[in-house]
Amino acid sequence: MPAKKRQNDPATGKKNKKEKRVFYRVTVSRINLLFADEANWSPFPHCQITRFLQSESFVESLQAELLQLNFNSKSNDLYKFQQSDDLGERKEDHISQIRSVIFGEFRVWLSEVLQVDLEATVDISCAKYEHTDVLLCHDDELEGRRVAFILYLVPPWEVKDGGTLDLFSTDEHCQPVSVVKSLLPCWNSLVFFEVSPVSFHQVAEVLSEEKCRLSLSGWFHGPSLPRPSRYIEPPVPRHTHIPRDESLLFEWVNEMYLDPRYQARVQQEFEESSEICLATFLQEEKLRQVRSALQSSEIQWESKGPPNKRYYGCADMQSVPSCVQECWELLSSESFFILLSNLTGLRLHYLCGDEDESENEDGKSETENRGGAGNTQASASNTDADTSTTEKKDKGPPTCVGELRRWMHGDYTLLHDSVKREYALDLQLHMGCAGWKSEFGGFTSYIAHDEDEELLTVYPEDNSLALVYRDKDTLKFIKHINNSSSSQLSSQNTAAFYDFSFNYYE
């Protein structure tokens, strides 16, 4: 519930007179002082004004009106929450008044404080965050945005409720590192900060099942701050297969998948859809060994970032038990490259035929005709296919890159434009995720580049090998794992599930 109406002026002890303004004016000198002292706005310039609006009755009425708006659920790689854009031209009501205050009087005042000419551009929306809703790490930078603001209309809020506004430190490349400050939502408080190359922030997941994190937010537009050159992450080294004979396959892989007739059926299905999930892939005894070994406290898990691109645990393969290392070697082995070729029809080994032999009557290889994940929806153009043929001839032997990942509450990956887009076979072998539900997150979503259309979703399934052929116009992300997953994981006496994630290149 909102705070009680203030009956007396705290300075004089007298009853408040009727106020003409709803804006709670903080002196310019006070804000200038806040911005002058770096300790008050680390890691980047920001400010939180409490009791932003003078009239408590106005704030309560504003909250009531906002809750009557039509809200639309929004969900993608970066966020999950509800939003209403129904704040345009309205009749005389509390919403129109607050718009007038923010983009009139407050904007002029803020321009004076920051000594920046802020435009009278209307850019405001209402957001509602409920249980498991989240907005992950981002910097807000779009052309023209100069100052971001959030006005909170929340019930009494505690740290245990989640939903804090988290601010990130940055490194020498202007990439986010870790949360260094968390601002708790507070009834009738307003937070604003400069939008810049280092203004990385997030709305932490809302953990309360009863409370609603309601806010008005938007941006003031003005001259953008200088932006450094975009940082490009160094590529992860790839390697060719390691020399292991087929005995490794017979030790580890379900014998069903080693039957040439069954392989032919799998290949036919894969070539039609560019994806397949192979259940009970590992032999049961080997699976039990690896699942048990993954709980070892000796494994060193490195947090993979930066958080505007990804956040999960990655194993140092020098620290894993021997059976886990053997599973890794299986997926990197020459015999496994051949098995994948037989299961998919891709040329991942020189023994699997020459490209000229795989050309069809139109002169295109099976790989190019397949297109990729959601082949009818995100396939490459003919020009791209022709280019791909030339590229593949120049690439040399097939290669792969992989990692062993740990997935816990709060982990995710995001779409980002620094990924080299190319043809690849994605492999995921999940472990320790029995009974996993889609509402927990943690699934892999494939989408078409520059589109919101989802082409394919791969859900975590224990001991299932997921294979997806991805073309240049297909991107992927792993959905944020929310708090609902905690009970499922704890029922299995673990805080995480795992996957071996590999990419193979022809």
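Predicted model: local features only at pLDDT ≥ 70, side-chain atom pairs only at ≥ 80, totals over all residues.

Biologist: Fine. What does the secondary structure of the chain come to?

Modeller: Twelve helices and 22 strands. Those are DSSP runs, numbered from the N terminus: helices are H or I with at least four residues, strands are E with at least two. Of the 506 residues, 52% count as buried.

Biologist: What makes Ser189 count as buried or exposed?

Modeller: Buried means under 20% relative accessible area, exposed over 50%, and partly exposed in between, with a 1.4 Å probe and protein chains only. Ser189 has 0% relative accessibility, so it counts as buried. This serine is in strand β9, residues 189-194.

Biologist: And which residues is Ser189 in contact with?

Modeller: Leaving aside neighbours within four places in sequence, Gln48, Ile49, Thr50, Ile150, Leu151 and Tyr152. Contact means heavy atoms within 4.5 Å. A polar atom of the Ser189 side chain also lies 2.7 Å from the backbone oxygen of Cys186.

Biologist: Why is something called a nonpolar core?

Modeller: Because it is a set of buried Ala, Val, Leu, Ile, Met, Phe, Trp, Tyr and Cys residues joined through side-chain atoms within 4.5 Å. The largest one here has 49 residues, and Phe336, Phe500 and Tyr504 have the most contacts inside it. Helix α7 (residues 322-332) gives the largest share of this core, six residues. Apart from it lies another core of 35 residues, among them Leu53, Leu87, Leu110 and Leu190.

Biologist: What does Tyr504 touch?

Modeller: Not counting residues up to four places away in sequence, its partners include Leu331, Phe336, Phe337, Leu340 and Leu348.

Biologist: How do you know how α7 sits against α8?

Modeller: The axes of α7 and α8 (residues 334-344) are 5 Å apart, at an angle of about 50 degrees. Under 35 degrees counts as roughly parallel, over 145 as roughly antiparallel, 65 to 115 as roughly perpendicular, and the rest as oblique. So α7 is oblique to α8. In this pairing, Leu330, Leu331 and Ser332 in α7 meet Glu334, Phe336 and Phe337 in α8.

Biologist: Where is the kink in helix α3 centred?

Modeller: On Arg107, with a kink of about 40 degrees in α3 (residues 94-114). The bend at a residue is the angle between axes fitted to the seven residues ending there and the seven starting there.

Biologist: What makes Arg51 and Cys174 stand out?

Modeller: Most residues other than glycine have a negative phi, and most peptide bonds are trans. Arg51 has a positive phi of about 45 degrees, and Cys174 has a positive phi of about 60 degrees. Arg51 lies in the loop between β1 (46-49) and α2 (56-67), while Cys174 is found in the loop between β7 (165-170) and β8 (176-183).

Biologist: Why is Arg51 called partly exposed?

Modeller: Because its relative accessible area is 37%. Cys174, at 21%, counts as partly exposed too.

Biologist: Which residues does the cis peptide bond join?

Modeller: Gly305 and Pro306, with omega about 5 degrees. Pro306 lies in the loop between β13 (301-304) and β14 (310-315).

Conventions:
Residues numbered from 1 in each chain as written. Heavy atoms only, no water. Axes fitted to C-alpha atoms, helices over the stretch in contact; angles between N-to-C directions. Polar contact = N/O pair within 3.5 Å; in protein donor to acceptor, adjacent residues only side chain to side chain.
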